[in-house]
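Hello,

Here is the structure we talked about handing over. Please have a look at it first, and then read on for what turned up.

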Amino acid sequence: MMYKLIPLILLTFLNSYVYANSAEDNIKIRRAVLDYIESQQKVEPSLMERGLDTKLAKRTYWKSKDGSEFIMETDYETMVWLAENYNKEGDKFTESPRVDINILDIDNRVASVKLTVDDWIDYMHLYKNDKNNWKIINVLWQYHDTKRHINKK
């Protein structure tokens, strides 16, 4: 009888262990995404530094004045600069901005997330580094109003 209980006990223990890791990963993934968006809202570049991997590639499609389309890419350093400068006047976000974080998938050390904010949407890829921290490594974004994807200068 005892031999039949041991596998059941082990299975129960392993299931709760996997669940605990998933809950912790969810919290850490959400924190990395919040660091990304809150750094811009609160003008706190240290949050951006914490949430991003230094090899970040953030991309969107854009149109030049002549109408030709190209891919615009932003890197880690530019995003840290953006967090320090974008909302300095406090006029880039509503008082209570919409911030919806939808974790689409987690598979061991990689995750996909959809972040929806007032004016735009970000699809993100994150990975868990060797220090057990989740970092944003890729972002593909667009404005909800895609007509805004044009260079006006």
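**Around Y143**

Y143 counts as buried, at 15% relative accessibility (buried means under 20% relative accessible area, exposed over 50%, partly exposed in between, with a 1.4 Å probe and protein chains only). A note before going further: this is a predicted model, in which local features need pLDDT of at least 70, side-chain atom pairs count only at pLDDT 80 or more, and totals for chains, interfaces and linings use all residues. Residues are numbered from 1 along each chain as its sequence is written, and side-chain values use heavy atoms, with hydrogens and water left out.

The whole structure holds five aromatic pairs (rings of Phe, Tyr and Trp, the last by its six-membered ring, with centres within 6.5 Å; planes under 30 degrees apart are stacked, over 60 edge-to-face, the rest tilted). One of them is the tilted pair of W62 and Y143, with 6.3 Å between centres and 50° between planes. Because W62 is in strand 1 (residues 52–63) and Y143 in strand 6 (residues 134–143), this pair ties together parts 81 residues apart in sequence (strands are DSSP runs of E, at least two residues, numbered from the N terminus). W62 is buried too, at 11% relative accessibility. Ring pairs also bring in W141, giving a cluster of W62, W141 and Y143.

Finally, R148 lies over the face of Y143, 3.9 Å from the ring centre (the cut-offs are CZ of Arg or NZ of Lys within 6 Å of the ring centre and within 35 degrees of the ring normal).

Best wishes

Key. Helix = DSSP H or I, 4+ residues; strand = E, 2+ residues; numbered from the N terminus.
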